[in-house]
Amino acid sequence: MAGAAVLLAIALFCLAGPFLTPSAYDKVYPDYVRMPPLLWPHPTETEAREALAHIASRMRAQVAEAWLDGDQLKATLHADRPIDARGLAYFERSDAFGAANILERRDDGRMLDIAAPVRRLWLPAGADGNGRDLLTRMMIAGRISLIVGVLGCAVALVIGVTYGAVAGYAGGRIDMAMMRLVDVLYALPFMFFVILLMVMFGRHFVLIFVAIGAVEWLDMARIVRGQTLSLKRREFVVAAEAMGVRPAAILIRHIAPNLVGVVAAYLALLTPRVILLESFLSFLGLGVQEPLTSLGVLVAEGARNIEDAPWLLIFPAALLTSMLYALNFLGDGLRDALDPRER
Amino acid sequence: MIVQRIAWSIPTLLVVVTLAFFLMRAAPGGPFDLERPLDPAVMENLHRIYRLDEPLWRQYLAYLSALAHGDLGPSYYWRDFTVNELFAKALPISAKLGATALALALVVGVAAGAFAAARAKSAADTAVTAAASLGVTLPTFVVAPLLQLVFGVWLKMLPVGGYGDGATRNLVLPVIVLAAPQVAAVARLTRNAMIEALASPASRTLRAYGLPRRVVLAHAFRAALIPLVSYLGPAAAGIMTGSVVVETIFGIPGVGRYFVEAALNRDYTLAMGAVVLVAVSVIAVNLLADIAYAFIDPRVRLE
């Protein structure tokens, strides 16, 4: 059950997390591009000084003196000519400070005492190549993965269970023909088809589910068919048939409820595969599109930045891996518990 | 039975080709769409040369008949090359990579699996099992950049990417990444099969005769190899899928990378060619595995 606990933690992290982090997933902080992870908030003392020096140079002035007073930056700027106070707007535009105001004007405006609030920003996982908070982006990406996992599985579930139950219940020639089709489809290089599908019909969000579901229903169909074949000969089905219940009603009323155990166990194993497939597509740039993100997109971006920003790879990779590992663990456990035949 | 198996692979292939062909053509956008639209006359000429002006069913039949002769057509993007020429360069690279990875997966996987099974429930067994389930879980596209980071950027032992005309240094990481999930799967399979074989009546009899443990293990090992044969097909398919990622990440000019590029460029013939090539390889490996299985395990032939 460790798998379930980890999974619950990840789900909570992804679902509730974005409400607790200070930044939106698509908020860009130009000053913090590729900022390494830091446990305490930005700007640090050095960063504040650098940012101040940068602003001062844009105002054509030098920093004579500067110190941090709690959440306030106090500084004295000086220049050869009177300083244009309109330049103080640069403070507001930077990510480190709020709007600055003038405390005192000395020496015909050549010396300027100013105070500006420091804007604290917490980036515990660092920032990406566009200066966006990686932690929030990972949470959003995790959400996408969870949604894709649920919806992709739902598509596979509907197609697979219907197909398998009908084939198993019909039996005979119909069953033969339907299962032959599954055999043929099995031999297809499906990953290639999904890639074609995504490229050809645009990178629409809904299409991802359809494409993934359309690929992953084969196993489900086989398992359900096998189970239906054995259920069909049980007394309660024979009794229902004898009472003249229509085949569709038997399938829904008598067969489907008895498939739940096997299907649930298999679903738990299918989910990580669906999530993996979506991340793979996104990794290739064919899945979820910017500014929305997915773990595959994040890993791809990390892979492009391994030279100078390895945390962009390590964090998303760790999240994706633990998610998949937990799901697999859970799936194995469920299968052992619900489906003792297939150990 | 073998004849029947071979006969079944033809409709399978036909389904692949048909699906791929119509999927490509149903999509909006064509291979000659540029940022700036071409002159209609030029466009018309291009379409005539590549026979895109004919009705779809005739294009389909023309493609099928060319395919039957082993001709995959001209590439729409690499205008001066045919798909066959492109593959002639790319296929040996992919094949070398894939075959090495498969061999590595079999050797390491079987060794690790047998080792774990011989010491079932020991610490070594637990370690192998845990590593294997991690290996099965870890996606290729996560392992590849992580290894690049560790061995290429931090340790500076191996190049981060590039083919380097097939230098061993350049191939180490791609082969490892490609093989890793298969090593894990093979190890799992071997371990389970061998534990089952060790519990079988045959092994019990050998033990009852008082034969040394070494002999019992050797017998169980041979029995455990049988289910492995039927895993060859999925393993080969997995490696081919993996090569799409590995070749893209490491910048290796193989079929996998051509495929992604071709799909993005709407290079119909090249992408189709890659799909057909992969489908043929997967079907062929599955067929070979089935035949080998029938020879190794006489029980299969009776069915």
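Q: Which residues in H9(B) meet H11(B)?
A: Those of H9(B) are B:Ile226, B:Val229, B:Ser230, B:Leu232, B:Gly233, B:Ala236, B:Ala237 and B:Met240, and among their partners in H11(B) are B:Val278, B:Val282, B:Asn286 and B:Tyr293, where contact means C-beta atoms, placed from the backbone, within 7 Å. Helices here are DSSP runs (H or I, at least four residues), numbered from the N terminus. This is a predicted model, in which local features need pLDDT of at least 70 and side-chain atom pairs count only at pLDDT 80 or more, while totals for chains, interfaces and linings use all residues. Residues are numbered from 1 along each chain as its sequence is written, and chains are lettered from A and ligands numbered from 1 in the order in which they are written.

Q: At what angle do H9(B) and H11(B) pack?
A: The angle is about 175 degrees, with the axes 8 Å apart, the axes being lines fitted to C-alpha atoms over the stretch in contact and angles running from 0 to 180 degrees between N-to-C directions. That makes H9(B) roughly antiparallel to H11(B), a term used for angles over 145 degrees.

Q: Switching topic, how many residues does each chain give to the contact between A and B?
A: Chain A gives 31 residues and chain B gives 36.

Q: And which helix has the largest share on the chain A side?
A: That is H6(A), with 8 residues.

Q: What follows H6(B)?
A: H6(B) is followed by B:Lys156, whose phi is positive, near 55 degrees.

Notes: Helix = DSSP H or I, 4+ residues; strand = E, 2+ residues; numbered from the N terminus. Parallel < 35°, antiparallel > 145°, perpendicular 65-115°, else oblique. Contact = placed C-beta atoms within 7 Å.
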